[in-house]
Amino acid sequence: MTAAIEARDPNTLSNYSYFLTTHTVANFDINFEKKILSGNVVLKLKRLEKTDKPDIVLLDTSYLDIEGVQVDGSPAEYELQSRIEPYGSALSIKCGSGSDKDDVELEIKVKTTHKCTAIQWLTPAQTSNKKYPYMCLFDPEPFETDSGLEADEALVSQCQAIHARSLIPCQDTPDVKSTFEFNLRSPLPVIASGLFTGSKDYRPGESGKAGTLLYTFRQDVPIPSYLFAVASGDIATASVGPRSVVATGPEELRACQWEVEADTERFIQTAERIVCPYSWTTYNILVLPPSFPYGGMENPQYTFATPTFITGDRENVDMIAHELAHSWSGNLVTNASWEHFWLNEGWTMYIQRRLEAAIHGEQYRDFSAIIGWKALTDSIREFGEEHEFTKLIVDLKGKDPDDAFSTVPYEKGFTFLYYLEKQIGREKWDQFIPHYFSTFARKSLDSYEFKSTLLSFFSKDSEVYAFLKNLDWDKWFYAPGFPPKPDFDTSLADSCYALASKWERLNAEAETDFQPSSSDIAGWGSNQVVVFLEAVQEFDEPLGKKGVHLMGEQYGLLHSGNAELTSRYFAIGLRAKDEEVYEPTVELLGKVGRMKFVRPL
Ligand code: BES
Ligand code: ZN
């Protein structure tokens, strides 16, 4: 028997310290009319060694209709317990007579409901977007298909952090990993977080919808529940590398392909050199409609991405570097609970910036980290320097991990790893990276295991070991507020700051011969404009209306299609109460769901 693991995740109602899911099969019909998924889920569980053998399995569910449960092929007693916010309703299942066996197989007949928090059902209005052609996944002109469905209807799931329980009954914790099979029936093409194994007609005549196919996928690398993902819609694909395609609406395909084709494979190979070989066979990108609430989501096989990164200049592909980096940090080596989320996101920012450095030069890494430090500053100020959620390890008992979400785990986590790299020395640190990832591949870990692995790796290097022994780990892990600010190489940011000070003098009506013109930013990458705009946001005396107008006009900010720029520029304009930005702000907020842009506005 496998030794029992301690239940270290407070955000699940499952009893995963007694049973562990090893394999999951999801069999679903996707019903666009009713906006539900219905079918059954098969869970193979392994019983763990415990003296008090329980015969009850507890699973997470949230707003699911449970229609029947079988244990090892026979109907079983079950009960859907009352809801406990924010975690949902535990499904308790009696294992009955077979309870001495090591393995238990559950088959649960299930339907999602309209309260499902894991799925966005997109209407034609949400998938079409004539103003921003790159922002739409589906054809702008709705047309009837054989199935009677409008071809621009779509479904997208988002399970991180604890929404998988709203799609499938499961042990919804990143501390449990399972292999998966997906058998999904839909009238429109389907994508899931497994390798595609085929599609075929599904009982023609019976399904009621012509053109409904059964799409099958398998994920042989064990993954946590939050990486369960499905999307269905009018999707076309184009190659962007030897192991990669981009998928999106047919009209936007070429633009999406151009945006990522130069960098995707380069990023993969660079990450393989820094960490270890890629484990997932293919790396693909699904570009979604603009209402997707995140920049990107690292679902295995397919990163789900916002269309706001398609800017026609390849300037936002760092998002792809980020989601790809999760193939190692997060998807292969996973935080054991959302309290240790920095292990996913901090490591991912670290790898992302190493990829940026390898491709654009070392200076670019610090340039990107400077943008990150600004984001960290904003988050810590917003929470307050003493706030629980500004700690590296947060206490989430009784809480919803989505409420703790901020850039803190990303940037404080990055700062910690960057600090360790600088103190230990790049060469030695670079040997630890593959060691860490091979030690925890296909496993989940917490911060204490990270610490002990680092210490034991350097146990024979007296200098590094002494440093690690003396390190104030408790302060890094538990102190709220700012970590020590790294000494960044500011060479790429300096010209951005210099331009911002010219504007500050102009704004203060100090004596200056500065006359803003488009040549100020000629040759700049859009991320440099981002750093400039962020510096303007920091002015002691907010930029006045006149300045806002001039800046928008000279730097083409009012009508730019790049939300990274407009969202920051509009924030400056709103602060100046410049009516000129009101309408475009409303328009941006009406189109774009990405929280990074929506929240500050
Ligand atoms: N895994 C996250 C997105 C996420 C986190 C979804 C927590 C739900 C709960 C993803 O990798 C991410 O960090 N996305 C960023 C993009 C990025 C370039 C930092 C985002 O969405 O802004
Ligand atoms: Zn991430």
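Mentor: A residue is called buried when its relative accessible area is under 20%. Please bear in mind that this is a predicted model. In strand β17 (residues 244–248), four of the five residues are buried, so the strand is largely enclosed by the rest of the structure.

Trainee: Which strand is joined to β17 by five bridges, and in what direction do the two run?

Mentor: Strand β16 (residues 236–241) is joined to β17 by five bridges, and the two run antiparallel. A238 stands opposite V246 of β17.

Trainee: How many bridges join β17 to strand β18?

Mentor: Two bridges join β17 to β18 (residues 284–287), and here the strands run parallel. A247 has L286 in β18 as its bridge partner.

Trainee: How should I read helix α5, and how many of its residues are buried?

Mentor: One compares its reach with the expected length. Helix α5 (residues 342–360) has 19 residues and spans 25 Å from first C-alpha to last, close to the 27 Å expected at 1.5 Å a residue. Of its 19 residues, 17 are buried, so α5 is largely enclosed by the rest of the structure. Just after α5, G361 adopts a positive phi of about 105°.

Trainee: How many disulfides does the structure hold?

Mentor: A disulfide is a covalent bond between the sulfur atoms of two cysteines. The structure holds zero disulfides. C95 is in none, and the nearest cysteine sulfur, that of C170, lies 16 Å away. C95 is buried, at 7% relative accessible area, and C496 is also buried, at 0%.

Technical notes: Residues are numbered from 1 along each chain as its sequence is written. Chains are lettered from A and ligands numbered from 1 in the order in which they are written. This is a predicted model: local features need pLDDT of at least 70, side-chain atom pairs count only at pLDDT 80 or more; totals for chains, interfaces and linings use all residues. Side-chain values use heavy atoms; hydrogens and water are left out. The expected span of a helix is 1.5 Å times one less than its number of residues. Buried means under 20% relative accessible area, exposed over 50%, partly exposed in between (1.4 Å probe, protein chains only). Two strands pair if DSSP finds at least two bridges between them. A disulfide is a pair of cysteine sulfur atoms within 2.5 Å.
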